[in-house]
Amino acid sequence: MTGGAFYEGGIVAEDFQKYLDPKVINKISKLEIKARLIVEGFISGQHKSPYHGFSVEFAEHREYVPGDDIRHVDWKVFGKSDRFYIKQYEEETNFRAHLLLDTSESMGYASGVVSKFEYGCYVAASLAHLIIQQQDAVGLVTFDEKIQKFLPVSSSPAHLKLILSELSAAKTGKKTKMGPMLHELAEKITRKGLVMVISDLFDDPQEILLGLQHLRHKKHEVILFHILDEHEVSFPFDDMTKFEGLEGYDPLICQPRTIRQAYLEEVNRFVEEIKKGCRSYNIDYVQITTDRLLDVALTAYLATRAGSKARAVRKV
Amino acid sequence: MLASPFLSPMIAWGVLAAAAPVIIYLIMRQRYKVVVWAAMEFLLAAYKKTRRRRRIEELLLLAIRTLLMLLLPLGLAHPVWNASAAILGQEEAHWVIVLDDSYSMGYRDWAESSFQRAKAAACEIVDRMRGKGWATVFQANAVRARTIPVEGNRHDVLKEAIEDLSISHAGSNLLECLGEVLKAVKERRTVVRHDIFILTDMQRSAWTAGSTKDPEILRVLEEIAKLVRQVYLVDVGPSESIANLQIQAFHPSSRTITPGRSASFEVRVRNMGSSRADAVAVDFFVGAGDGRIKRGGEVIESLDRGEERTLTFPVTFDKPGAYPLSVSLPGDALAVDNERCLAAVAREKIRVLLVNGEPGREGPEGDETFFLQAALELTPELSPFAVKLVSFMNFDSEIDLLKHDVVVLANLPTVDPRQAGLLEQFARDGGVVILTVGEHVLRDRAEFNAILYKGGQGVSPAQLLEEVVVADPAWLGLSAVADHAFIRTSRLNWEPLAVGARFRKAIHLGLPEGGDSKTIFHFIHQSSGGARETFPALVEKPLGLGRVILFGSAIDADWGFDTVFFAQQEAYYPPLWYEILFHYMQSGEKRNIGVGEQFEMVLPPEELSRPVEVRRLDPQAPPAVTVYPVAVENRAKLVYPEDPEHLKGEGTEASGLYEIKRAGSAARPDYVAVTIDPEEGDLRQRMEAGEAAALFPDKFPLTVCVSREALWEKIAGKGTDRDLWKPFLIAVFTLLCLETILAWRFGRQ
């Protein structure tokens, strides 16, 4: 369903899908609103609501919103009140999601209006929002060369505010050292769940893969959101350029055209190595460039979530 | 001085632009934009990986671009490569440049004359000289060939001197000029390579004036063929259709101009152009300079190509003396032959004293002077001669010879030494003495030889030998000597006299060996058996300012009355003596001369010490030249130019009227006219390349070039100096393509 008209904070938002565009969402200041708008935009493009599939214990009624499965409409209430209500059930869930956001200096690079870090924040916020909306628990970890912030998982709406607050406060600045950090987290997160890593992965790929392997070893499902800037994958420079490196690299003056091919080969080789490692550890790898719509991450999440439920049902 | 290896050396300075790619490269390295970059690890890895390849690519492109900027200005500067020098090392070259400066080279083809084209070609040749090259530049015409007095290795000065050259009014004789060229080549015999460049309009007359069959010219050509590598004959003549009207001749209709009597002057106008000319105005002037007055004019309605028309202009002179005359045509592409001058002299009659050795002995037909007098005075009032006839017995009483211009002694029995001395003095003072023989002379020929011949030192140009008697049906005819000045300049055809003049008696004439005596006519003895023998009949020799003529026969009933008078139904005897007397009376003075010739003028003895100013009557002419008459016998003789090899002023190398003015004298000035050779102006008579080549002996190293451009093509073809601009620019184009492809391939557009 598209084109539903309702008010949000005084702003008329007729087409929520536009908020999937990083350039559009970047114009909105408050992360909380951003997260909501992204999720709403994402949902308005879905044929099926992502919220609450099924449960055993009734919790409350909720007004029908477009996208809800009409199977869950309480027709009795409709008969009485002539309004559509959905029956909501209190799900006894043990789904736990961890958002790991890279805040290293390299994530601060932006060729356009949105940096990789900002994009990563939007992804993390929208995922958190969606997860909390789904009554699942979510936690947040920000890291660079070490863990900067660790918010344990929770499914309360207040926790969402906390996560969004942390994301708003997070800043980039230090080098990346993902390997040890992942190992540390693997030990730290005791209950298995879904770990979503949002990073540009500018670190030693072998160490990253070892860290991810460690997480898998601890029975976590892992989604790796590889955030890259569009310029980093196309290298569209022509004139003589001085590249000033982040994370302590020396500057380099060169004619970009002469090394474009070699650069792209290096990037592809790196991505391939990561992809190959992910495949071997059964990790979902999602490469996202900052010019793409923000629903990519949410779609990937839902696909994984649906997969884990299916597995859970099979086990029952 | 080292010659530049470029035809346009200034452009070659553009090679400094070769530094531009390096400078641009260094500047561009300092002009960059700054990008904060996250994926430095990949960038550095790529940078290290490609470092070697990029260095090679950079150097390769830099080298190509530098070479490109180096070759482009070099190509535009017309580099010249000397193939021979490359083979022979630093050889010294000698290039002889012959500039034909005959007046036909002044023909203006559009805005440029042939001579200007020749000068431009000469400068190009000097420009292209390499290394230690030496150039000798000749300015050649029919009068002389002279070198430009500039050192041959000072090329810039030489070019300036060539630019300053002006054209002459002379004709051309380039074969003769080759003798001077050979001398120049021999002067630089040590030089390895000689090339000769002849820059001419290919006028046929320039080559036919001499002959390659002449032994002397043949020798010169053979020596040139041995010493010179190549002779280039370059046609710089007009390429368009010719438009030229010419005054071919301008002379008096009669041989004598008498004061108070109308004299007429003939003007022959010819259309030398390749198309018809309409409304050709011909003007006739008397006087010179500012005092020139138009005394007649006619318009020729039309004149087809090659057609000529003769006009007559009458004029009457009041007093004796020299008069400057001129005729002119409208201006055209060749101006110098549109005007022609004449110095006409009005004089009283030529006074002839006839001394008869046998007066009336055999009646009119036997009279020694009867026919001669008739010849000179057929119509006394019209004849230029005033004849006085005396008997040999009255010769003494008439001995004041200065009252006469010509003295004829016809078969005088005796001449004593005193009379012989007077005759000699008369001749030396400018008079003409004519001696004819007969029975008296035959009888006393020993005395004649002793008194008048004196072993070659006397008055007579020859001694008298034995008598020649011809019996019927044999006879003696007269044969003209073709190269004698009289025969050459005569207007009449003397060939009929060979069979028509049937003399029966004559005396063998013995000319002294090595003397000045020359034969004008020979007797041809046709024997009864048909055999032919020739011996001198009419001989002459100069004596002082005058001339003595001896005829080995006579005109009377015994010696040659029958047929001489009417040889082949034409009267030849009167014209013969008429012409001879007139010719030798004129020969004391040369007032109407060709360009470059000397004029001679006989002046009274009192003029000897007085300077004479000679000035060409033209506002552009140089100042007057002062000359002094020289003493010849008892007269003063003015000769100008005195030394043609070392001219004071311009001599007579320019056509026009020359004024001769005696310093301090109020007398009327005298005039001399210098005229061009009309044949030179016929520009339709140009030679084709094959015709020119045929003039020279086999294996003569001649290359005929139909234009300046063809010259360089031929030279390039022969591997001498090669203009390399084309290969250079092809190389530039190739490098440009290569650079574009490589830059695209290397990602450095």
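Which strands does helix α5 (residues 157–169) of chain A lie across? This tour begins there, after two notes on the model. The model is predicted: local features need pLDDT of at least 70, side-chain atom pairs count only at pLDDT 80 or more, and totals for chains, interfaces and linings use all residues. Residues are numbered from 1 along each chain as its sequence is written, while chains are lettered from A and ligands numbered from 1 in the order in which they are written.

**Chain A**

Select residues 157–169 of chain A. Helix α5 lies across β6 (137–143) and β7 of chain A, at about 165° to β7(A). Helices (H or I, at least four residues) and strands (E, at least two) are DSSP runs, numbered from the N terminus. Axes are lines fitted to C-alpha atoms, for helices over the stretch in contact, and angles run from 0 to 180 degrees between N-to-C directions. Contact requires C-beta atoms, placed from the backbone, within 7 Å.

Next, display the open sheet of six strands in the order β7-β6-β5-β8-β9-β12 (chain A), where the pairing is mixed. Its edge strands, each pairing on one side only, are β7 (147–154) and β12 (284–289) of chain A. From one strand to the next, the twist averages 15°. Strands pair if DSSP finds at least two bridges between them.

Then select β9 (residues 221–228) of chain A, which is joined to β12(A) in the parallel sense by six bridges. Here I227(A) stands opposite I288(A) of β12(A).

**Chain B**

Turn to chain B, with 20 helices and 36 strands. Of its 749 residues, 43% are buried (20 or more other C-beta atoms within 10 Å of the residue's own, C-beta atoms being placed from the backbone).

Select helices α2 (residues 20–30) and α3 (residues 40–76) of chain B, whose axes come within 8 Å and cross at roughly 135°. Show the side chains of A20(B), P21(B), V22(B) and Y25(B) on α2(B), and of L62(B), R65(B), T66(B) and M69(B) on α3(B), which make the contact.

Finally, display the open sheet of five strands ordered β27-β34-β33-β29-β30 (chain B), also with mixed pairing. β27 (592–594) and β30 (625–627) of chain B form its edges. Neighbouring strands are turned by 30° against each other on average, direction ignored. Strand β29 (residues 612–616) of chain B runs antiparallel to β30(B), joined by three bridges. End at V612(B), whose bridge partner in β30(B) is V627(B).

Terms used: Two residues are in contact if their C-beta atoms, placed from the backbone, lie within 7 Å. A residue is buried if 20 or more other C-beta atoms lie within 10 Å of its own, exposed if 12 or fewer, and partly exposed in between; C-beta atoms are placed from the backbone.
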